[in-house]
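This note sets out a reading of the structure shown below, as numbered points for a colleague who will work with the coordinates.

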Amino acid sequence: MATADTLVQTAELEIRGLHASVEGKEILKGIDLTVRQGETHALMGPNGSGKSTLANVLMGRPGYQVTSGEVVFKGEAILGLTPDQRAQRGLFLAMQYPVEVPGVSVVNFLRTAYKAIKGEEISALAFRKHMKEKMDLLGVEDDMVRRYVNQGFSGGEKKKNEILQLAVLAPQIAILDETDSGLDIDSLKAVATGVEKLIGPSLGVLVITHYQRILNYVHPDFVHVMMGGRIVKEGGPELARELEEKGYEGIRQEVGLSEEEAGRDDAGSGPARGES
Ligand SMILES: Nc1ncnc2c1ncn2[C@@H]1O[C@H](COP(=O)(O)OP(=O)(O)OP(=O)(O)O)[C@@H](O)[C@H]1O
Ligand SMILES: [Mg+2]
């Protein structure tokens with residue numbers, strides 16, 4: 001459907017000099033990053049470096065103030081758009097902590113989302129067929145899509161469900177936050193190979209993670225390391241391996257960032273933040 005389009009132009013998500021704050025505290029301190037359709041990018045960084053904040057700002061979740069910079073998707077400035085409008089234009093965000101939707105089955109949820117995003121009617125039968133194709137590709141059981149969205153889903157099932165959502169909605173650019181968190185080795189492998197199957201010329205992906213292991217399956221073309229709200233180092237796939245060896249501390253010293261600049265200010269001031 002979008003193929004004619006994609007052949008002519010490549011969708012591009014461009015983040016320029018992005019600064020953003022939460023409750024008056026600056027978290028993102030100037031992010032520049034471009035993701036094109038067909039490219040796989042990994043955004044890595046220690047806890048609290050601002051990765052999820054970036055994902056949330058990109059998708060327009062409330063509670064974040066963009067203080068300067070801009071985000072342009074397919075030539076259009078999107079920071080003034082609602083999350084729905086961004087999704088309609090072909091952006092997708094898989095959240096680190098997916099929400100439950102009691103009373104709505106996965107299949108109905110997906111069909112509603114599909115209609116809202118594509119702006120077109122699709123019969124239950126046609127949708128089933130479309131979904132079944134994706135389920136087969138990803139190895140998702142029938143049983144799962146009849147259940148209520150995320151209710152009682154294990155961590156692995158939630159993530160699988162997200163990847164199914166990604167496959168069914170077929171966005172041009174997807175942001176996957178912490179898709180490896182809370183997964184056992186087999187689930188991680190299943191989810192990661194699912195993502196790998198979806199990667200192709202019509203999909204651009206930004207995979208957000210702090211570990212290298214998901215990158216054994218999802219092979220990034222570009223790796224960006226974030227620390228203290230800035231991208232401090234960029235490279236190819238070898239950078240992920242380097243990171244695994246040196247650790248974030250090694251990278252911090254190499255790029256000459258103070259502990260404070262790297263966001264490790266919990267050392268001296270007040271209680272450590274107890275997230276994750
Ligand atoms: N809603 C919020 N209220 C207060 N502080 C926030 C909020 N959201 C984010 N922060 C702070 O912003 C910083 C960056 O958080 P963020 O969730 O973006 O990090 P992250 O890189 O995704 O970390 P992780 O690897 O643990 O997921 C943290 O210091 C966090 O406490
Ligand atoms: Mg996060």
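1. The model is predicted, and local features are reported only where pLDDT is at least 70. In the protein, the secondary structure amounts to nine helices and twelve strands. The protein has 276 residues, of which 38% count as buried. When contacts between residues at least 6 apart in sequence are considered, 72% of them join residues at least 24 apart.

2. One open sheet holds six strands with mixed pairing, in the order β6-β9-β10-β3-β11-β12. Its edge strands are β6 (91–94) and β12 (230–235), each of which pairs on one side only. On average, and with direction ignored, neighbouring strands of this sheet are turned by 20° against each other.

3. Within this sheet, strand β10 (residues 204–209) runs parallel to strand β9 (residues 173–177), and five bridges join the two.

4. How many residues of β10 are buried? The count is six of six, and the strand is mostly covered. In a regular strand the side chains alternate between the two faces of the sheet. In β10, Gly 204, Leu 206 and Ile 208 point one way, while Val 205, Val 207 and Thr 209 point the other way; all are buried.

5. At the other end of the strand order, strand β11 (residues 222–227) and β12 pair in the antiparallel sense over five bridges. Val 225 faces Lys 233 of β12 in this pairing. The two strands form a hairpin with two residues between them, and Gly 228 in the turn has a positive phi of about 55°.

6. A further open sheet comprises four strands in the order β2-β1-β4-β5, with antiparallel pairing. Strands β2 (25–36) and β5 (76–77) stand at its edges with a single partner strand each, so one side of each is left without a neighbour in the sheet. Strand β1 (residues 12–22) is joined to β2 by nine bridges, and the two run antiparallel. Val 22 has Lys 25 of β2 as its bridge partner. Helix α2 packs on this sheet, where it touches β1, β2 and β4 (65–73); the direction of α2 makes about 70° with that of β2.

7. Two packed helices are described by the angle between their axes and the distance between the axes. For helix α7 (residues 155–169) and helix α8 (residues 185–198), the axes come within 10 Å and cross at roughly 5°. Angles under 35 degrees count as roughly parallel, and α7 is therefore roughly parallel to α8. From α7 the contact draws on Gly 156, Lys 159, Lys 160, Ile 163, Leu 166 and Ala 167, and from α8 on Ser 187, Ala 190, Val 191, Gly 194, Val 195 and Leu 198. Sorted by class, the contact of α7 with α8 has seven nonpolar, three polar and two charged residues.

8. Is Leu 28 buried or exposed? A residue is buried if 20 or more other C-beta atoms lie within 10 Å of its own; Leu 28 has 27 C-beta neighbours inside 10 Å and therefore counts as buried. Residues up to four places away in sequence aside, Leu 28 touches Leu 18, His 19, Ala 20, Gly 50, Thr 53, Leu 54, Val 57 and Gly 229. The C-alpha atom of Leu 28 is separated by 9.9 Å from that of Met 226, although the two residues are 198 apart along the chain.

9. The final point concerns the ligand. Ligand 1 is surrounded by 17 residues, and the closest are Asn 47, Gly 48, Lys 51, Ser 52 and Thr 53. Which helix gives the most to this shell? Helix α2 (residues 51–59) does, with three residues. By class, the shell around ligand 1 contains two nonpolar, ten polar and five charged residues.

How values were computed
Residues numbered from 1 in each chain as written. Chains lettered and ligands numbered in written order. Predicted model: local features only at pLDDT ≥ 70, side-chain atom pairs only at ≥ 80, totals over all residues. Near = placed C-beta within 6 Å. Nonpolar A, V, L, I, M, F, W, Y, C, P; charged D, E, K, R; others polar. Pairing = 2+ DSSP bridges. Axes fitted to C-alpha atoms, helices over the stretch in contact; angles between N-to-C directions. Buried ≥ 20, exposed ≤ 12 C-beta atoms within 10 Å, placed from the backbone. Parallel < 35°, antiparallel > 145°, perpendicular 65-115°, else oblique. Contact = placed C-beta atoms within 7 Å.
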